[in-house]
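Thank you all for coming; I would like to walk through one model this morning, moving from its sheets to its disulfides and then to its helices. Please keep the structure open while I talk.

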Amino acid sequence: INRSDSESNRLLFAWFQIPQISYASTAPELSDDRRYDFFSRVVPPDSFQAQAMVDIVKLMGWNYVSTVASEGSYGEKGVEAFMQISREAGGICIAQSLKIPHDHKQADFDKIIRQLLETHNARAVIIFAYDEDIRGILNASKRADQVGHFLWIGSDSWGAKNSPIQGLEDAAIGAVTILPKRATVEAFDMYFTSRTLENNRRNVWFAEFWEENFNCKLMSSSKKEDTSRKCTGQERIGTDSKYEQEGKVQFVIDAVYAMAHALHNMQKDLCPDQSGVCGEMEHAGGKKLLKYIRSVSFNGSAGTSVTFNRNGDAPGRYDLFQYQMNINNTLGYKVIGQWTETLQLHIDEMQWPNGEMEIPSSVCSQPCKTGQRKKMVKGMPCCWLCEPCDGYQYQYDETSCKLCTYNMRPNGNRTGCQPIPIVKLEWHSPWAVIPVFLAMLGIIATIFVMATFIRYNDTPIVRASGRELSYVLLTGIFLCYIITFVMIATPDIAVCSFRRIFLGLGMCISYAALLTKTNRIYRIFEEGKKSVSPPKLISPTSQLAITSSLISVQLLGVLIWFGVDPPNTIIDYDEQKTINPDKARGVLKCDITDLQIICSLGYSILLMVTCTVYAIKTRGVPENFNEAKPIGFTMYTTCIVWLAFIPIFFGTAQSAEKLYIQTTTLTISMNLSASVALGMLYMPKVYVIIFHPELNVQKRKRSFKAVVTAATMSSRLSHKPSDRPNGEAKTELCENVDPNSKLQKCLFRVIGGT
């Protein structure tokens, strides 16, 4: 009785308590195995116990556990039930499933502990094992210095017994155990303690029990060899020996009563008019009896109802214990909850090894941090690797990252997306300050020159420079400076429209005027070599007409551009989409591509190149004659500026600072081009007008033939190597030459349009 936890003793105890109503003679289908199965049905089955353990594991938040079972039906079936239910419940993975062999040795337990430690995170261990095996496991954990590491969950074979943990209390602290809910049947205690060798002869094992219980020998043929003390037969159970009612007595009694109630109900139905067993009842068969057994319902010996579910199992009722320190600083089992179809656990009353205050962890992988996704380990749904969502990805769910839309970037913890900040070229930016400063200086200088020319509009030097084209050129220079402010202003439809119009217009006006001037000089000298008549279209009106026609080509192109692609603003998210999303910016800009900018400037560059060609062709004209050489130097310098601009502009196309570099490069290049023209073509004249007014005087006219002839001869003389080092000659402007050099003065006046 004291060892009735084992399968064989459980069977024998049930069988020999009910021999009179075995019903084997009339229902051969109920064999010995059936009787044992029936008793095990009255005791809650392992599936209920396993379900309670699964509920405990899930409530604790453990998803990675190991199992240890004693080899044999009890341990293996218990673990099998636990694994099956855990699979159905989901969320629990088995790290190790180990068996304790029948013929175990100390090394076997040490090996089991080593194997359990291989999956170090699986601290929770489910144990379906006998007392001796439980002691072996706890002992091995002490030898491995792992006391407090494992979180034991023991089956009903451990229950609330002290025998498995005697001397190993420190290794058992925190263990949660399970035991079928039961009550002490006082009537059984009264009956059993009154049993003696005289009044209980029908139980053939009672004599053996007597020897074991009182540690004595009844006869010389006794198998007990560890004592020589003779039994007197006067010993009394519970008085001369320690007695504690076996926990499953309640279930044995309930099993007997269940059979009795089934037979009683069967007899009432099949033999209503007679007492005892009638013929119909004798031939009813075991299956019919089983139906009656499963239909019984009565209050059992503990006062709880005895019923069977559709699977033939009694309701599962368990008390849950934890081995912990009591209030009086002694170790013992404490009831921490119960399981009756559902789990009721008082977590706040639980204690854990090593003084841990929180529920210890027994998980395969720790939860991933915010912004990380789980990369599952194949075959282990509870195990994963944590991978951060990188780049422009955010954590979509536990297992995946998603890319933010093109105008968004992940937020700080990568749980979602947020808009990418919008930037533009600000007025206070260093990229804007320098070109704005240069443009303001240029505008002031241009206004000063224009005001000077207007003030001295009728003086010879202003008239000789070709007043009409001079004012056109000054207008183009002024627009070249103004475009700086348009390029830096906050983009909107109006600003984008002005950019399209004025981006190439200022340069176009400037180089159209310069081209008209150099072309006029070239035609005059080429025509003078062939004829005494002046060439056509050299009058001021003709020059303005030619310049206007050249400018109209630029305006026509802009008009077509407006019609094909109306101006608009865009936000470019690719331009500053850096590897680090925190630095990503959307750039507010006009919808003008790099190619469109070059095309808009292309016509002006073509005029500039053509003007440079004419400047080279007229390089033989006497120095400073009608601005030929200043125009030449202006064009050479301008070409160098724009040759430097193109590689910088396109070389920074992939840069994160593209907006700033290209805008600054473009505006500075235009400022430099305008400043070169302003400085070389106008500043010398302004200097003479203001500081040397005595040179700004009227010259007398000569015929065109005489002027050209004199100029040609002067040009040839000026190129003789003997006159100047390196073959250079110096011929002064009209206002700077010797008063006797009248031919050059007259030529200046004819070509200058005065």
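Let me begin with a definition: two strands are taken to pair if DSSP finds at least two bridges between them, and the strands themselves (E, at least two residues), like the helices (H or I, at least four), are DSSP runs numbered from the N terminus. What we have here is a predicted model, in which local features need pLDDT of at least 70 and side-chain atom pairs count only at pLDDT 80 or more, while totals for chains, interfaces and linings use all residues. Residues are numbered from 1 along each chain as its sequence is written, and side-chain values use heavy atoms, with hydrogens and water left out.

With that in place, consider the open sheet of 3 strands, whose order is β17-β19-β18 and whose pairing is mixed. At its edges stand β17 (422-423) and β18 (569-576), each with a single partner strand, so one side of each has no neighbour in the sheet. The pairing of β17 with β19, residues 585-590, is parallel and extends over 2 bridges, and within this arrangement I422 is found opposite G586 of β19.

Next come the hairpins. Strand β8 (residues 317-325) and strand β9 (residues 331-340) run antiparallel and are joined by 9 bridges, with Q322 having K334 in β9 as its bridge partner. Their hairpin has 5 residues between the strands, and N329 there adopts a positive phi near 65°. β9 is also joined by 4 bridges to β10 (residues 342-345), again in an antiparallel run, and T340 is placed opposite T342 of β10.

The hairpin connecting β13 to β14 passes through 2 residues, and D397 faces S400 across the pair.

Turning to the cysteines, a disulfide is counted when a pair of cysteine sulfur atoms lies within 2.5 Å, and by that rule there are 8 disulfides. One of them is formed by C93 and C382, with the sulfur atoms 2.1 Å apart. Because C93 belongs to strand β2 (residues 93-100) and C382 to strand β12 (residues 380-388), the pair ties together parts that are 289 residues apart in sequence. The torsion about the S-S bond of C93 and C382 is about 90°, so this disulfide is right-handed.

Finally, the helices. How do α13 and α15 cross? The axes of α13 (residues 430-455) and α15 (residues 467-488), which are lines fitted to C-alpha atoms over the stretch in contact, with angles from 0 to 180 degrees between N-to-C directions, come within 9 Å and cross at roughly 155°. That makes α13 roughly antiparallel to α15, a label that applies to angles over 145 degrees, whereas under 35 counts as roughly parallel, 65 to 115 as roughly perpendicular and the rest as oblique.

As for annotation, the unreviewed UniProt entry lists "transmembrane region" for several stretches, among them 431-457 and 670-692; such annotations may be inferred rather than shown by experiment, and the positions follow the numbering used here, with feature names shortened. In the model, residues 431-457 are 93% helix and 0% strand, with end C-alpha atoms 39 Å apart, while residues 670-692 are 91% helix and 0% strand, with end C-alpha atoms 31 Å apart.
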